[in-house]
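This report concerns one protein chain. Please look over its sequence and coordinates before reading on.

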Amino acid sequence: MEREISALYEPKRNNEIRIFESSDEMSTDLAEYISQVSEISVKERGYFAIALSGGPLVSFLGKLCEAPYNKTLDWSKWYIFWSDERAVAKNHAESNYKLTKEGFLSKVPILNGHVYSINDNATVEDAATDYEFAIRQLVKVRTIGVSESNDCPKFDLILLNMGFDGHVASLFPNHPALELKDDWVTYITDSPQPPPERITFTLPVINSASNIAIVATGDNKSEAVRLAISDNADGPDNPSSLPARMVQPTDGKLVWFLDKAAASSLETENDDAFEQHHEY
């Protein structure tokens, strides 16, 4: 059963925190969340532009492939992007595209022409340039919205998986890519996790989205979750440089989807508060 602890942790504006007892419950709630954002976006703009990530995130999209969503969602209005990609061939085991294709895209009727994958035949630098150009063209015709606060694209939803080190997309702690202000898409050649070459959205693009969801599961994420969310976080690393903590929507809303293990450090700190404020 879901527990919301946003009353206990509100370090940033427009944050919501959801904790789930099981993967199945998280998948169910995430599907309903995505469905609602999709329906609102299509109604308001005529399109739904969503950026996905790799990792275990794709496994939580399975409920969208089932009833009622596979029949009720207006899949023809969906436009698919990736917030990051590994510089490998599309059929490579570490390709986010391959993971998403096999686990999600092949099971729903999204138009092939609406799936914007990253060029795997170019150098990582050229691939980043090409991807930003494609996004800029879609912003011009408002298939992707534009932020009212800056010139960044305003994706309707960006889904992020958080790593054990607090990285999101392919933005890693203390990496120079975190400082980029003008680029929409960049590349790195020194990822601390293999493969080393990757393409990634920059923080301004992520923070300009209408909706952002960060998914974190497993007890090896618990300390990064605490550092990213807690106002009182302290530790050997400065939490202000933790990429997940730097996800702060400019005009949108951020929702955390956590399993019990990933939220365990939050629960330890606030066990009494949970008992006093929440029934579950």
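The model is predicted: local features need pLDDT of at least 70 and side-chain atom pairs count only at pLDDT 80 or more, while totals for chains, interfaces and linings use all residues. Residues are numbered from 1 along each chain as its sequence is written, and side-chain values use heavy atoms, leaving out hydrogens and water.

**Overall make-up**

The protein chain contains 8 helices and 12 strands, taken as DSSP runs (helices H or I, at least four residues; strands E, at least two) numbered from the N terminus. Of its 280 residues, 55% are buried, where buried means under 20% relative accessible area, exposed over 50%, and partly exposed in between (1.4 Å probe, protein chains only). Of the contacts (heavy atoms within 4.5 Å) between residues at least 6 apart in sequence, 72% join residues at least 24 apart. The chain exposes about 12200 Å², with 46% of that supplied by carbon and sulfur atoms; areas come from the Shrake-Rupley method with a 1.4 Å probe.

**Backbone exceptions**

The peptide bond from A67 to P68 is cis, with omega near 5 degrees, and P68 sits in the loop between β3 (48-52) and α2 (69-72). A cis bond also runs from P194 to P195, with omega near -5 degrees; P195 belongs to the loop between β9 (185-188) and β10 (198-201).

R142, not a glycine, has a positive phi of about 65 degrees. R142 lies in the loop between α4 (124-140) and β6 (145-146) and is partly exposed at 43% relative accessibility. N174 likewise has a positive phi, near 65 degrees, in the loop between β8 (157-161) and β9; N174 is exposed at 61%.

**Pockets**

A pocket is an open set of points on a 1 Å grid over the protein atoms alone, where a 1.4 Å probe fits, with protein on both sides within 12 Å along at least five of seven lines; lining residues have an atom within 4 Å of a point. A volume is the space filled by probe spheres set on the points, which are joined across faces, edges and corners.

| Largest | about 340 Å³ | I40, S41, E44, S210 and N211 |

The lining of the largest pocket has 18 residues, divided into 5 nonpolar, 5 polar and 8 charged. Nonpolar covers Ala, Val, Leu, Ile, Met, Phe, Trp, Tyr, Cys and Pro, charged covers Asp, Glu, Lys and Arg, and the others, including Gly, are polar. α1 (23-45) gives the most to this lining, with 7 residues.
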